[in-house]
Amino acid sequence: MTDVEGFCEPRFEAVQAALAALLGKDDVGASAAVYVDGEPVVDIWGGYADGDRSVSWERDTLTGVNSTTKNMTALCALILADRGELDLSAPVAAYWPEFAAAGKESVLVRHVLSHTAGLPDLSGLTTVEELYDWESVTAGLAAQAPKWEPGTAAGYHALTFGFLVGEIVRRITGRSLGEFFAEEVAKPLGADFHIGLSTEHDHRVAPLIPPPSLTDEYAASAPLGPDGTRRENTGVAIRVKDATSVAWRRAQIPAVNGFGNARSVALAQSVLVNQGSAGGVRLLSPQGCEPAWQEVFRGDDRVLGTPMCWTVGFGKFGNTFGWGGWGGSLVASDPGSRMTVAYVMNQMIDRDQQEDNRGMEIIMAAYSGQRPDPPSAR
């Protein structure tokens, strides 16, 4: 067992034990957090920020969370919708006129947020460096034709999700997704999460560590196809060396290049299960939170090759919603228990080689500390 630092309410001691066990086994450095009613009940961390195990993982250590970033991007869209500046049922082209090209007039905002827009790939892009050119990527997406009739099928929009939602946000607010998140979410909450990271935070970053026996050339696998076989990865292959580069930190790739820790992830997402506020700070109305767990699509996901339930911006799993990132980070929120649980680490695991239940172990440990609500509260 490895020493774990931070704060943990006694009834959630199973979370601390779970993180200690992970740090003693698969993890190098990691953090876990649980928020209930918008307040922290667990905020713990331990291990090391580097693969050589020479630098301790501290309270304010940050690391890349990959697709766990999508939860933050979706939150930005829900805030704008709650303010009446974004209509989830409107055509994307109402905000982004050029997007109406190539048969996309009927693509709605909620299609983009639920991975049903038919734009799972970035056509023509072959290098990671091309992802750093926002105007070029979004112009390319505006020109693309959907791969299926929007709204009729789902296919995980691994990279395109952030560019699509981000450009809608930019057209409405004049700000990049990262700027909007920083000013409208992170700053008021005091959440230490960043979509695109500036220089002054570099010293706090724990670089992602490739899975055991693999190098920093390790790349995100192409998803499974409908027949269960691995699709050929015809798009951009993102390697660990890319996701740990300075250029990646500075870019705006709002589907995947967020930096934070479990505390900041859980804090920001907890607003959605606590009537729109956390720590006394309100970001949106109670009604504005509801699309986060309301089902938009249920069925086989054409890209992931597995049955999925998508809401407006999130994956739904039973009574919870949220999403995780390449390598292992994860956040899940439960509206019924008003609880959000997050796990963020630097040691990646390749699911093709090894089962990765680390985030789920933290989530299940958190549930063991839940007090059942009295009947009158349900």
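Biologist: What is the handedness of the crossing where H2 passes H9?

Modeller: In this predicted model, H2 passes H9 in a left-handed crossing. A crossing is left-handed if the near helix is turned anticlockwise from the far one by less than a right angle, and right-handed if clockwise. Helices here are DSSP runs of H or I with at least four residues, strands are E runs with at least two, and both are numbered from the N terminus.

Biologist: At what angle do H2 and H9 pack, and how far apart are their axes?

Modeller: Helix H2 spans residues 69–82 and helix H9 residues 262–270; they pack at an angle of about 30°, and their axes are 10 Å apart. Axes are lines fitted to C-alpha atoms, for helices over the stretch in contact, with angles running from 0 to 180 degrees between N-to-C directions. H2 and H9 are therefore roughly parallel to each other; angles under 35 degrees count as roughly parallel, over 145 as roughly antiparallel, 65 to 115 as roughly perpendicular and the rest as oblique.

Biologist: Which residues make the contact?

Modeller: H2 contributes Asn71, Met72 and Leu75, and H9 contributes Ser264, Val265, Ala268 and Gln269. Contact means heavy atoms within 4.5 Å. The residues of this contact of H2 with H9 comprise four nonpolar, three polar and no charged. Ala, Val, Leu, Ile, Met, Phe, Trp, Tyr, Cys and Pro count as nonpolar, Asp, Glu, Lys and Arg as charged, and the others, Gly among them, as polar.

Biologist: And how do H2 and H5 pack?

Modeller: H2 and helix H5 (residues 160–173) have an angle of about 30° between them and axes 10 Å apart. The crossing of H2 and H5 is left-handed. On the H2 side, Lys70, Thr73, Ala74, Ala77 and Leu80 meet Phe161, Val165, Val169, Ile172 and Thr173 of H5. The residues of that contact divide into seven nonpolar, two polar and one charged.

Biologist: Changing topic: is Glu184 buried or exposed?

Modeller: Glu184 is buried, with a relative accessible area of 19%. Buried means under 20% relative accessible area, exposed over 50%, and partly exposed in between, using a 1.4 Å probe and protein chains only. Glu184 belongs to helix H6, residues 177–189.

Biologist: Which non-glycine residues have a positive phi?

Modeller: Asp37 has a positive phi of about 55°, and Arg338 has a positive phi near 55°. Asp37 sits in the loop between strand E2 (29–36) and strand E3 (39–47), and is partly exposed at 34% relative accessible area. Arg338 sits in the loop between strand E13 (330–334) and strand E14 (339–345), and is partly exposed at 26%.

Biologist: What conventions apply to the model and its numbering?

Modeller: Residues are numbered from 1 along each chain as its sequence is written, and side-chain values use heavy atoms, leaving out hydrogens and water. Local features need pLDDT of at least 70 and side-chain atom pairs count only at pLDDT 80 or more, whereas totals for chains, interfaces and linings use all residues.
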